[in-house]
Amino acid sequence: MTAFLDKGKQPEGGRFLAFDHVTFWVSNAKQAASYYVTRFGFEPVAYSGLETGSRKTVSYVVRLNKITFLLRAQYQPEETEFVKEVAYHGDFVKDVAFEVENLDYILECARKHGAIVVRDLWEEKDEFGVVRMATVKTFGDNTHTLVDRSKYRGVFLPGYQTLSPDPISKYLPKVEIKFIDHVVGNMTENGIENAANWYTKCLQFHRFWSVDDKQVRSEFRAFRSLVVANWEETIKIPINEPVSCERQSQVQEYVEYHGGAGIQHIAVYTEDIISTVENMRKRGVEFLTIPPKYYKLIRERLQNSKVKVAESIDALERLHILIDYDDEGYLLQIFTKHAQDRPTLFVEVIQRSNHNGFGVGNVKALFESLEVEQEKRGNI
């Protein structure tokens with residue numbers, strides 16, 4: 001594992017603040033939104049459709065604390081870019097939006113360094129103020145929308161009407177996930193360097209962390225990973241690429257079923273992973289199963305570790321939560337099964353205790369767990 005300590009020169013003209021929202025392109029936005037409400041504990045926030053003057057697409061916005069998902073579908077049976085991409089990729093994350101300061105500078109810097117501007121600077125306004133946005137292309141068919149909402153006080157964006165709370169929420173266990181910890185992109189083979197260079201040049205991100213295929217491998221499979229981040233490190237984008245091995249990794253499986261590079265998973269942060277996972281399971285969220293021998297080894301290794309895990313290892317084993325640690329701290333993480341029909345997008349739940357890694361120590365256990373699921377799908 002390599003941690004990059006030199007962030008380079010701090011950008012002078014603009015600032016990336018946080019993940020603003022994640023946009024999914026789907027075939028049925030109403031039902032997709034309901035899935036995240038009932039299973040993950042999101043609440044309906046806003047709606048845009050025929051009733052609000054949106055004639056071509058319908059959008060539902062759901063939110064849980066600082067995590068906002070926008071689910072969008074097309075109305076008419078026209079062969080548009082939207083229809084082609086959903087048909088090709090299946091339901092997928094199309095756009096990851098960032099909240100920024102000094103949008104003009106950030107956009108001009110991206111353009112100057114070769115970024116493709118999908119939609120140039122535009123404004124939307126209503127009685128709550130004005131939002132300024134621009135969209136640039138990143139890897140695959142994905143985009144990043146840059147959002148300046150400093151002069152807006154509405155619930156989401158202009159053009160949306162507020163939705164009432166879902167009546168089912170009061171009957172279900174509460175889920176306390178706080179914000180997006182990171183969003184992971186999978187590349188095709190040998191695509192990781194080009195993607196990382198795009199972020200460092202066009203968005204002025206820096207390389208934060210990396211592991212090679214000697215560190216993230218099992219007996220039969222491996223991949224590489226490199227993480228880029230903004231200066232404040234409030235936005236982290238791990239980028240993975242497959243490595244040719246005897247068996248295909250989950251990264252290669254993703255690329256094949258998605259049809260190229262794209263967003264593999266969204267990691268959401270919690271301060272109490274045990275309660276969060278217990279309540280998610282009660283709501284019907286399905287997680288990967290970790291082999292019992294993993295916890296036997298963890299117990300043995302932790303006896304000689306400087307770090308003491310506060311949580312009960314028995315509870316973590318019961319819930320299939322993974323543990324990664326070093327001399328300074330530890331993290332706890334768990335991965336859901338895929339959130340749609342194709343074996344592509346899933347969600348990670350993560351809790352950190354003075355540990356800024358991404359679970360490299362759990363790769364072997366994760367590979368074994370994923371192998372069980374891949375074998376069921378006939379993709380071993």
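Analyst: Let's start with helix 1, whose buried residues are Ala29, Ala32, Ala33, Tyr36, Val37, Thr38 and Phe40. Buried means under 20% relative accessible area, exposed means over 50%, and partly exposed is in between (1.4 Å probe, protein chains only). This is a predicted model, where local features need pLDDT of at least 70, side-chain atom pairs count only at pLDDT 80 or more, and totals for chains, interfaces and linings use all residues. Residues are numbered from 1 along each chain as its sequence is written, and side-chain values use heavy atoms, with hydrogens and water left out.

User: What makes the span of helix 1 agree with what it should be?

Analyst: Helices (H or I, at least four residues) and strands (E, at least two) are DSSP runs, numbered from the N terminus. The expected span is 1.5 Å times one less than the number of residues. Helix 1 has twelve residues (29-40), so it should span 16 Å, and its end C-alpha atoms are 16 Å apart, which agrees.

User: Which elements do the buried residues of helix 1 pack against?

Analyst: Among them are strand 2 (15-25), strand 3 (43-48) and helix 6 (273-283). Just after helix 1, Gly41 takes a positive phi of about 90 degrees.

User: Why is Thr336 called buried?

Analyst: Its relative accessible area is 4%, so Thr336 falls under the cut-off and is buried. Thr336 sits in the loop between strand 17 (330-335) and strand 18. Leaving aside neighbours within four places in sequence, its contacts (heavy atoms within 4.5 Å) include Phe40, Val285 and Phe346.

User: How do you know that the count of disulfides comes to zero?

Analyst: A disulfide is a pair of cysteine sulfur atoms within 2.5 Å, and by this rule the count is zero. Cys109 is in no disulfide, as the nearest cysteine sulfur, that of Cys202, is 7.9 Å away. Cys109 does count as buried, because its relative accessibility is 7%. Cys202 is buried too, because its value is 3%.

User: What makes a nonpolar core, and how many residues has the largest?

Analyst: A nonpolar core is a set of buried Ala, Val, Leu, Ile, Met, Phe, Trp, Tyr and Cys residues joined through side-chain atoms within 4.5 Å. The largest has 86 residues, and those with the most contacts inside it include Phe24, Tyr36 and Phe98. Apart from it lies another core, of 13 residues, among them Leu70 and Tyr152.
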